Protein chains: 2
Amino acid sequence: MGENSQENKVLTIADIAEDLGVSKTTVSRAISGKGRIGSGTRERVLKYIEEHNYTPNVIAKGLAQSKTYNLAVVMPGDYELIDLPFFQNCIMGIQEIASSFDYDMLLTVCNNADVTKLERIVRNRKVDGVILLRSFVKDVQVEYLQEKKIPFIVVGTSGYKGAVQVDNDHRAACKELTSILLMKRMKKIALIGGNEEHVVTQSRLKGFQDAFAELERPIDESLIYMNLDNAVLLEDKMDEIIRQEVDCIICMDDAICMEVLYKLRREEIAVPDQIRVASFYNSTVLETHDPSITSLDFDAKELGMLVCRTLLDMIEGEKVEEKTLLGYEVRLRESTK
Amino acid sequence: MGENSQENKVLTIADIAEDLGVSKTTVSRAISGKGRIGSGTRERVLKYIEEHNYTPNVIAKGLAQSKTYNLAVVMPGDYELIDLPFFQNCIMGIQEIASSFDYDMLLTVCNNADVTKLERIVRNRKVDGVILLRSFVKDVQVEYLQEKKIPFIVVGTSGYKGAVQVDNDHRAACKELTSILLMKRMKKIALIGGNEEHVVTQSRLKGFQDAFAELERPIDESLIYMNLDNAVLLEDKMDEIIRQEVDCIICMDDAICMEVLYKLRREEIAVPDQIRVASFYNSTVLETHDPSITSLDFDAKELGMLVCRTLLDMIEGEKVEEKTLLGYEVRLRESTK
DNA sequence: CTGAAAGCGCTTACAG
DNA sequence: CTGAAAGCGCTTACAG
């Protein structure tokens with residue numbers, strides 16, 4: 001409370017050095033642990049810091065080291081509502097790892113066509129690396145980052161040579177689920193897919209095809225419907241699918257699956273009695289649905305954690321795997337009984 | 001391609017000054033527009049910058065100005081899935097304004113009880129201000145930020161003196177919706193509320209009470225149920241509510257509303273024929289539900305934009321309104337026919 | 001083991 | 001109107 005009290009002044013390394021009668025260099029070394037320093041001196045500095053509640057200015061540190069201790073996370077702007085939990089969980093995973101390494105997460109929402117926001121962040125040197133939450137067949141964000149030589153990582157699978165990727169093993173998962181359904185004696189299986197420009201759509205399709213190939217069953221191409229990520233288009237095609245009297249409908253994602261279920265209810269077609277339904281993705285929505293829906297289960301938070309850890313390794317200049325695949329689980333539920 | 005080519009070197013203000021034969025001061029002034037400078041000189045500098053694609057290092061600029069050009073957005077960790085779109089839209093609004101002022105958004109997910117993540121960001125001086133996406137009756141985040149004197153703003157209503165708040169006018173909106181239902185001759189209206197610790201829950205309750213008071217109708221306290229943000233508890237109470245043969249159920253948020261609808265369907269109670277249902281919040285889920293559900297509509301993106309603009313004003317040291325309320329719309333749909 | 005000094009890339013009084 | 005110089009708060013060769 002004294003008039004000359006400096007209790008509100010923010011401590012700097014220089015203040016500490018002065019108070020302790022050592023150089024700033026020494027203080028810096030005590031904190032970072034780098035460089036030789038007497039253990040007695042180190043203790044003294046550390047004790048002082050502890051008592052006075054000093055925390056380094058990360059911005060200044062970053063400037064001196066040409067680092068920012070920030071990561072950019074690019075979230076797609078055109079997500080489906082139902083995909084939000086995936087992104088959210090992934091982000092929670094990223095954040096958990098990032099903050100444990102004293103990194104922060106700068107979030108930006110971008111459409112694939114639009115690199116301007118990403119560009120701003122990169123040009124302003126606000127981040128040390130970038131995480132792309134969605135991958136495109138033609139991906140201008142990847143192209144931009146490769147050109148700028150910024151460390152980055154793609155959540156999902158990317159066709160770009162050299163792009164580091166971490167993904168759930170959609171192909172294997174979709175293959176396994178399809179195989180199970182085939183072995184349950186379903187013969188006419190329709191596949192309803194979303195946006196073909198998303199790499200994940202391609203992977204899921206391949207998994208589906210793999211299952212048929214392995215069991216040496218012919219695929220009826222006329223039962224494969226793509227680009228039905230729009231409710232109106234889907235509605236039309238559903239009439240066609242229903243007319244074909246399929247055993248089972250596999251939906252490539254939960255948004256599509258919800259639409260399909262909605263349509264079937266309106267048409268008073270019973271699941272699973274008249275038709276079976278499964279989804280190549282999983283959200284709690286499907287789990288609590290009545291009947292509960294067979295689907296694939298991926299751990300988005302774990303994915304986020306791995307992604308972040310890998311990116312930090314890259315920033316440190318370590319070599320990392322170009323592609324890592326994570327496991328999955330098949331959840332068989334009432335809809336395919 | 002020449003061996004001495006510096007095409008990959010990142011330009012600094014010093015390079016420009018040297019090339020142009022002026023001082024760094026002059027270059028800085030040309031860029032910032034601050035301080036007197038000859039218009040000819042300014043033009044030359046600006047032209048050079050344009051041609052050579054120079055962008056300032058925001059980190060260095062920040063260090064010199066003691067600014068970061070970052071905002072922290074604190075998202076609650078215990079959100080309901082159904083609330084995600086609100087947060088997401090709000091974040092989109094924040095981002096849109098922030099980036100137009102060359103600010104970036106640092107996202108962190110925190111529970112109310114846990115200030116450590118927020119603390120890390122503040123101690124590391126990573127941001128110039130903070131946006132809290134949820135408000136609590138007892139709010140340790142607000143307490144921390146007030147103590148540290150960091151500019152911050154609360155999305156929602158806060159009881160803390162001096163905390164700047166931007167909110168939808170939940171109270172007026174809930175009052176209006178309740179009034180409409182009362183005037184539609186509903187007599188026994190049950191109210192099902194969520195977590196009482198959330199300030200928004202209190203506001204909604206007040207709006208409900210306001211409507212009764214204005215029409216001089218007595219409130220039946222036994223029809224007000226709070227803290228039913230848990231599906232199991234809700235299930236129990238729903239049996240009780242159904243037994244009381246109410247006309248109408250108002251749900252305080254969409255998560256609760258979905259559970260209520262689910263329960264009514266299982267019990268084969270028809271909406272709106274046997275019972276009417278309305279929600280004090282709105283998501284697309286309710287809109288596409290069959291029957292469509294009467295609810296309140298708020299514009300989360302607009303809210304985010306206003307919040308961000310206000311925070312930036314505060315950071316600039318401008319005086320701002322302590323509390324701003326945004327409009328709403330009542331969406332009357334089939335469920336209250 | 002320790003320190004003086006230069007540097008990271010900007011800004012901003014102060015003096016011409 | 002313009003510039004030399006100090007400063008923002010750190011780090012890091014280099015020299016003792």
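Predicted model: local features only at pLDDT ≥ 70, side-chain atom pairs only at ≥ 80, totals over all residues.
Which residue of chain A comes closest to the rotation axis? Here that residue is Leu106(A), with its C-alpha at 2.2 Å from the axis.

**Chain A as a whole**

- The secondary structure of chain A comes to 13 helices and 12 strands.
- Along its principal axes, the C-alpha trace of chain A spans about 85 × 45 × 35 Å.
- The radius of gyration of chain A is 26 Å, whereas a compact globule of 337 residues would have one near 20 Å.
- Of the 337 residues in chain A, 41% are buried.
- If you take the contacts in chain A between residues at least 6 apart in sequence, 70% of them join residues at least 24 apart.

**How the two chains are related**

- Chain A superposes on chain B by a rotation of 180° with 0.0 Å of shift along the axis, and the RMSD is 0.0 Å.
- The two copies are therefore related as by a two-fold rotation axis.
- Both copies use the same surface, since 100% of the contact residues of chain A recur in chain B.

**Where the chains touch**

**The surface near DNA strand C**

- H2 and H4 of chain A, along with H2 and H4 of chain B, each supply at least two residues of the surface near DNA strand C.
- The most comes from H2(B), which gives six residues to the surface near DNA strand C.
- The residues of the surface near DNA strand C fall into 10 nonpolar, 12 polar and six charged.

**The surface near DNA strand D**

- Helix H2 (24–32) and helix H4 (58–65) of chain A each supply at least two residues of the surface near DNA strand D, as do helix H2 (24–32) and helix H4 (58–65) of chain B.
- H2(A) gives the most to the surface near DNA strand D, namely six residues.
- In the surface near DNA strand D, 10 residues are nonpolar, 12 are polar and six are charged.

**Helix H13 of chain A**

- H13 of chain A runs over residues 300–315, which makes 16 residues.
- From its first C-alpha to its last, H13(A) reaches 23 Å, close to the 22 Å expected at 1.5 Å a residue.
- Buried positions in H13(A) include Ala300(A), Leu303(A), Gly304(A), Met305(A) and Val307(A), and Cys308(A), Thr310(A), Leu311(A) and Leu312(A) are buried too.
- Those buried residues pack against helix H5 (84–100) and against strands of chain A, among them E1 (70–76), E3 (129–132) and E4 (152–155).
- Strand E5 (164–168) and strand E11 (323–326) are also among the packing partners of the buried residues of H13(A).
- After H13(A) comes Gly317(A), with a positive phi near 85°.

**Backbone spots worth a look**

- Val271(A) and Pro272(A) are joined by a cis peptide bond with omega about 5°, and Pro272(A) lies in the loop between helix H11 (254–266) and strand E9 (276–279) of chain A.
- In chain B, the peptide bond from Val271(B) to Pro272(B) is cis, with omega near 0°, and Pro272(B) sits in the loop between H11 and E9 of chain B.
- Tyr69(A) is not a glycine, yet its phi is positive at about 60°; Tyr69(A) lies in the loop between H4 and E1 of chain A.
- With 19 other C-beta atoms within 10 Å, Tyr69(A) is partly exposed.
- Arg125(A), also not a glycine, has a positive phi of about 55°, and its place is in the loop between H6 and E3 of chain A.
- Arg125(A) counts as buried because it has 21 C-beta neighbours inside 10 Å, and the cut-off for buried is 20 or more.

Notes: Residues numbered from 1 in each chain as written. Chains lettered and ligands numbered in written order. Helix = DSSP H or I, 4+ residues; strand = E, 2+ residues; numbered from the N terminus. Expected span 1.5 Å × (residues − 1). Buried ≥ 20, exposed ≤ 12 C-beta atoms within 10 Å, placed from the backbone. Contact = placed C-beta atoms within 7 Å. Nonpolar A, V, L, I, M, F, W, Y, C, P; charged D, E, K, R; others polar. Least-squares fit on C-alpha atoms with pLDDT ≥ 70 in both. Rg over C-alpha atoms; globule rule 2.2 N^0.38 Å.
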